[in-house]
Amino acid sequence: MLVREQVWLEKELLKRKFTNIDALDASEEILKEAEKKGVYKNCFVGVLGPNQRLQLADSCYDAAIAVGVFTLNHVKAEGAMDEMARVVKSGGLVCFTIREDVMFEPEYGYQDKMDELCRGESLEACIAEQGTVPQQE
């Protein structure tokens, strides 16, 4: 599942032979444009956040990727990161970018939520600095 359709990311996924991709966005207009591309199997309108539950089954995806979602004046961690972890299968990948200038801002709760999910074994943290790719152990 790709949260918030991103042209450069869909190109990279297709280049690497990923073809079973769904899209999630809060904007119907963006998803209508995404559907025209023929890249996504399903396009879902949904909102990530507190007290929001996506109309998706638990553990239904191998991976969930969010780019441009966890940022200034946008989606806060509470509920959003939980939902991404909920829909990904055990051993799957939850991947998201976070702007450095808001990463540690208590108002957004990104660091605290990641710590909470890692303590509960929902996630295993793998943090990469800008411009680097984390290495597998």
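How do the residues of the lining of the second largest pocket divide into nonpolar, polar and charged?

**Entry 1: ground rules.** I am working with a predicted model, in which local features need pLDDT of at least 70, side-chain atom pairs count only at pLDDT 80 or more, and totals for chains, interfaces and linings use all residues. Residues are numbered from 1 along each chain as its sequence is written, and side-chain values use heavy atoms, with hydrogens and water left out.

**Entry 2: the chain.** I found 4 helices and 5 strands. Helices (H or I, at least four residues) and strands (E, at least two) are DSSP runs, numbered from the N terminus. Along the sequence the pattern reads β-α-β-α-β-β-α-β-α. Of the 137 residues, 39% are buried. Buried means under 20% relative accessible area, with a 1.4 Å probe and protein chains only.

**Entry 3: strand 2.** I looked at residues 21-25 next. Ile21, Ala23 and Asp25 point one way. Asp22 and Leu24 point the other way. Strand 2 runs parallel to strand 3 (residues 40-45), and 5 bridges join the two. Two strands pair if DSSP finds at least two bridges between them.

**Entry 4: the pocket.** Back to my opening question. The lining of the second largest pocket has 8 nonpolar, 2 polar and 2 charged residues. Ala, Val, Leu, Ile, Met, Phe, Trp, Tyr, Cys and Pro count as nonpolar, Asp, Glu, Lys and Arg as charged, and the others, Gly among them, as polar. Asp25, Ala26, Gly46, His74 and Val75 lie nearest the pocket's centre. A pocket is an open set of points on a 1 Å grid where a 1.4 Å probe fits, with protein on both sides within 12 Å along at least five of seven lines; lining residues have an atom within 4 Å of a point.

**Entry 5: helix 3.** I then asked why helix 3 (residues 80-87) counts as largely enclosed by the rest of the structure. It does so because 7 of its 8 residues are buried. Among them are Met81, Glu83 and Arg86. The buried residues of helix 3 pack against strand 4 (61-70), strand 5 (88-98) and helix 4 (110-119).

**Entry 6: Lys113.** I ended in helix 4, where Lys113 lies. Is Lys113 buried or exposed? Lys113 is buried, with a relative accessible area of 3%. Lys113 touches Ala77, Glu78, Met81 and Asp82, leaving aside residues up to four places away in sequence. Contact here means heavy atoms within 4.5 Å.

Conventions: Buried < 20%, exposed > 50% of the residue type's maximum accessible area, 1.4 Å probe, protein only.
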